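Trainee: Hi! Could you walk me through this protein, starting from the inside?
Mentor: Happy to, let's have a look at it together.

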Amino acid sequence: MSKIIVASTNPAKISAVASAFSQAFPEQSFTVEGISVASEVRDQPLCADETLLGARNRVKNARKLQADADFYVGLEAGIDGDFTFAWMVIENHKQRGEARSASLPLPPIALEKIQQGIELGDVMDDMFNQQNIKQKGGAIAMLTNHTLSRSSVYQQALILALIPFMNEQWFPCR
């Protein structure tokens, strides 16, 4: 059984990782554990590069805390222009895969509050009179009337990040 460390304790992220690995490798069994690590970027990254750095830093810091895992997964949500999205970074002892999720347009009022320094999850909580949206369906669920969720969109991007692991013959080790 392979051990996966998710560099987050967010249930939506952990669920997405478990689903993606099960879907990509249906013949294998996995244990999935979330741990809290620093991203070393702002709580609300405000560009694609900063968001990718946050996901990579999460993997790096998870490896330092738990050296015995088979896979490490860092997910970092951020803002890029008028959109929110997330980077997925997956590593094992010989390979790295990265993919960016779909981008979700944000309402102008949300963008204004984010520019004032308020994190997207808190903005969504206020806009929709909810609590802790970011650990549930996320802004994606609220803005799509629950047609999509944070986990469902992340799961797709995670499977894309797993491509180098699913096709090792085509991807040289890093």
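**Inside the fold**

Mentor: The largest nonpolar core has 23 residues, and Phe21, Ile90 and Leu158 are those with the most contacts inside it. Keep in mind that this is a predicted model.

Trainee: Which helices and strands each supply at least two residues of this core?
Mentor: Strand S1 (2-6), helix H1 (11-24), S3, strand S4 (83-91) and helix H6 (150-161) each do that. The largest share comes from H1, which gives five residues.

Trainee: And what is isoleucine 90 in contact with, leaving aside its neighbours within four places in sequence?
Mentor: Quite a list: Phe21, Phe71, Tyr72, Val73, Gln95, Arg96, Gly97, Leu158, Ala161, Leu162 and Phe165. There is also a second, separate core of 14 residues, which includes Ala55, Val59, Ala62 and Phe85.

Trainee: Now the rings. How many aromatic pairs does the structure hold?
Mentor: It holds five aromatic pairs. Take phenylalanine 21 and phenylalanine 25: their ring centres are 6.3 Å apart and their planes are at 40°, so this pair is tilted.

Trainee: Are those two buried or exposed?
Mentor: Both phenylalanine 21 and phenylalanine 25 are buried. Another pair, phenylalanine 71 with phenylalanine 165, is edge-to-face, with 5.6 Å from centre to centre and 75° between the planes.

Trainee: Where do phenylalanine 71 and phenylalanine 165 lie?
Mentor: Phenylalanine 71 is in strand S3 (residues 71-80) and phenylalanine 165 is in helix H7 (residues 163-166), so their pair ties together parts that are 94 residues apart in sequence. Phenylalanine 71 counts as buried because its relative accessibility is 10%, and phenylalanine 165 counts as buried because its value is 7%. The cut-off for buried is under 20%.

Trainee: Which residues do ring pairs link into a cluster?
Mentor: Phe21, Phe25, Phe30, Phe71 and Phe165 are linked that way.

Trainee: What sits over the ring of phenylalanine 85?
Mentor: That would be the charged end of arginine 100, 3.7 Å from the ring centre.

Trainee: Changing topic: where is alanine 67 found?
Mentor: Look in the loop between helix H2 (48-65) and S3. Alanine 67 counts as exposed because its relative accessibility is 71%. Alanine 67 and isoleucine 5 are 62 residues apart in sequence, and their C-alpha atoms are 9.7 Å apart in space.

Trainee: What about glutamine 66, which residues does it touch?
Mentor: Glutamine 66 has its place in the loop between H2 and S3. Not counting residues up to four places away in sequence, glutamine 66 touches Lys3, Ile5, Glu33, Ile35 and Tyr72. With lysine 3, a polar contact of 3.2 Å joins the two side chains.

Trainee: One last stop, helix H3. Which of its residues are buried?
Mentor: In H3 (residues 108-115), the buried residues are Ala110, Leu111 and Ile114. They cover an arc of only 100° around the axis, so they are on the same side of H3.

Trainee: Which residues are exposed on the other side of H3?
Mentor: Pro108 and Gln115 are exposed there. As for the buried residues of H3, what covers them includes S3 and helix H4 (120-128).

Methods:
Residues numbered from 1 in each chain as written. Predicted model: local features only at pLDDT ≥ 70, side-chain atom pairs only at ≥ 80, totals over all residues. Heavy atoms only, no water. Phe/Tyr/Trp six-rings, centres within 6.5 Å; stacked < 30°, edge-to-face > 60°. Buried < 20%, exposed > 50% of the residue type's maximum accessible area, 1.4 Å probe, protein only. Helix = DSSP H or I, 4+ residues; strand = E, 2+ residues; numbered from the N terminus. Lys NZ or Arg CZ within 6 Å of the ring centre and 35° of its normal. Core = buried A, V, L, I, M, F, W, Y, C linked by side-chain atoms within 4.5 Å. Contact = heavy atoms within 4.5 Å. Polar contact = N/O pair within 3.5 Å; in protein donor to acceptor, adjacent residues only side chain to side chain. Arc of directions from axis to C-beta.
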